[in-house]
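Me: I'd like to go through this model with you, a few places at a time. Please give the cut-offs as we go.

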Amino acid sequence: QVQLVESGGGLVKAGGSLRLSCAVSGRTSNIYTTGWFRQAPGKEREFVAYITRSSLGSIAQSVVGRFTISRDNAKNTVSLQMNSLKPEDTAVYYCAAAQGVTTRMREYDYWGQGTQVTVSS
C-alpha cells in the first residue's frame with residue numbers, strides 16, 4: 001500500500017500564495033507519477049499537475065504560469081507552489097499516485113485525504 005498525506009492548505013486572499021505538500025510513504029517502488037487534483041463544490045474533480053520520478057512535469061492550462069510542481073526525492077515529498085491565487089482556485093486539493101504517466105484521474109491508484117484551499121476575494 002501507498003500512503004499520501006497532504007498539508008499546507010488554508011485561507012488566503014486573492015493574489016496570495018500557498019504551498020501544498022504531499023508526503024508519500026509505503027510501497028512506492030511501483031509509483032512513477034505523483035499528481036495533484038482539485039475539486040470545487042458542485043464540480044467534478046480536475047487535474048492540476050503531475051511530476052514523474054524523473055522530474056518530468058505537466059501543469060493544467062487553467063493554472064499554468066501560476067502553479068509549479070516539484071519533488072524532493074530524499075524526503076519523498078511532492079510540493080505544489082500556488083501563486084497569484086484566485087477565488088476560482090478554491091477547492092479541496094488531492095495528492096494522488098500512479099504507476100504510469102497520466103492526467104486521468106481514474107489511472108491514479110492511491111489518493112490522499114485532501115486539503116482545503118480557500119481564496120477570498
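Me: Is A14 buried, partly exposed or exposed?
Reply: A14 has a relative accessibility of 41%, so A14 counts as partly exposed; buried means under 20% relative accessible area, exposed over 50% and partly exposed in between, with a 1.4 Å probe and protein chains only. Bear in mind that this is a predicted model, in which local features need pLDDT of at least 70 and side-chain atom pairs count only at pLDDT 80 or more, while totals for chains, interfaces and linings use all residues. Residues are numbered from 1 along each chain as its sequence is written, and side-chain values use heavy atoms, with hydrogens and water left out.

Me: Where is A14, then?
Reply: A14 sits in the loop between β2 and β3, where strands (E, at least two residues) and helices (H or I, at least four) are DSSP runs numbered from the N terminus. From A14 to T118 there are 104 residues in sequence, yet their C-alpha atoms are 9.4 Å apart in space.

Me: And K13, what's its place?
Reply: K13 belongs to strand β2, residues 10–13, and with 65% relative accessibility it counts as exposed. Between the C-alpha atoms of K13 and P41, which are 28 residues apart along the chain, the separation is 19 Å.

Me: Switching topic: how many disulfides does a search of the whole structure find?
Reply: The search finds one disulfide, a disulfide being a pair of cysteine sulfur atoms within 2.5 Å. C22 is joined to C95, with an S to S distance of 2.0 Å. The two cysteines link distant parts of the chain, since C22 is in strand β3 (residues 18–26) and C95 in strand β9, 73 residues apart.

Me: Which hand does the disulfide of C22 and C95 have, and why?
Reply: The disulfide is left-handed, because the torsion about the S-S bond of C22 and C95 is about -80°. Both C22 and C95 are buried.

Me: Now the rings. How many aromatic pairs are there in the whole structure?
Reply: The search gives six aromatic pairs, where rings of Phe, Tyr and Trp (its six-membered ring) pair if their centres lie within 6.5 Å, and planes under 30 degrees apart count as stacked, over 60 as edge-to-face and the rest as tilted. One of them is F37 with Y108, which is edge-to-face because the ring centres are 5.0 Å apart and the planes stand at 80°. F37 lies in strand β4 (residues 33–39) and Y108 in the loop between β9 (91–98) and β10 (110–111), so this pair ties together parts 71 residues apart in sequence. F37 and Y108 are both buried.

Me: Which residues form the aromatic cluster?
Reply: F37, F47, Y50, Y94, Y108 and W111 form one cluster. R45 lies over the face of Y94, at 3.7 Å from the ring centre, and R45 also lies over the face of W111, at 4.9 Å from that ring centre; a charge sits over a ring if NZ of Lys or CZ of Arg is within 6 Å of the ring centre and within 35 degrees of the ring normal.

Me: Which residues line the largest pocket?
Reply: The lining consists of V24, T28, I31, Y32, T33, T34, R53, R71, N73, N76 and V78. A pocket is an open set of points on a 1 Å grid over the protein atoms alone where a 1.4 Å probe fits, with protein on both sides within 12 Å along at least five of seven lines, and lining residues have an atom within 4 Å of a point. About 170 Å³ of space lies in this pocket, the volume being that filled by probe spheres set on points joined across faces, edges and corners.

Me: What about the phi of N76?
Reply: N76 has a positive phi, near 55°, although N76 is a residue other than glycine. N76 is in the loop between β7 (67–72) and β8 (77–82), and it counts as partly exposed because its relative accessibility is 43%. S55, likewise not a glycine, has a positive phi of about 70°, and S55 is found in the loop between β5 (46–52) and β6 (57–59).
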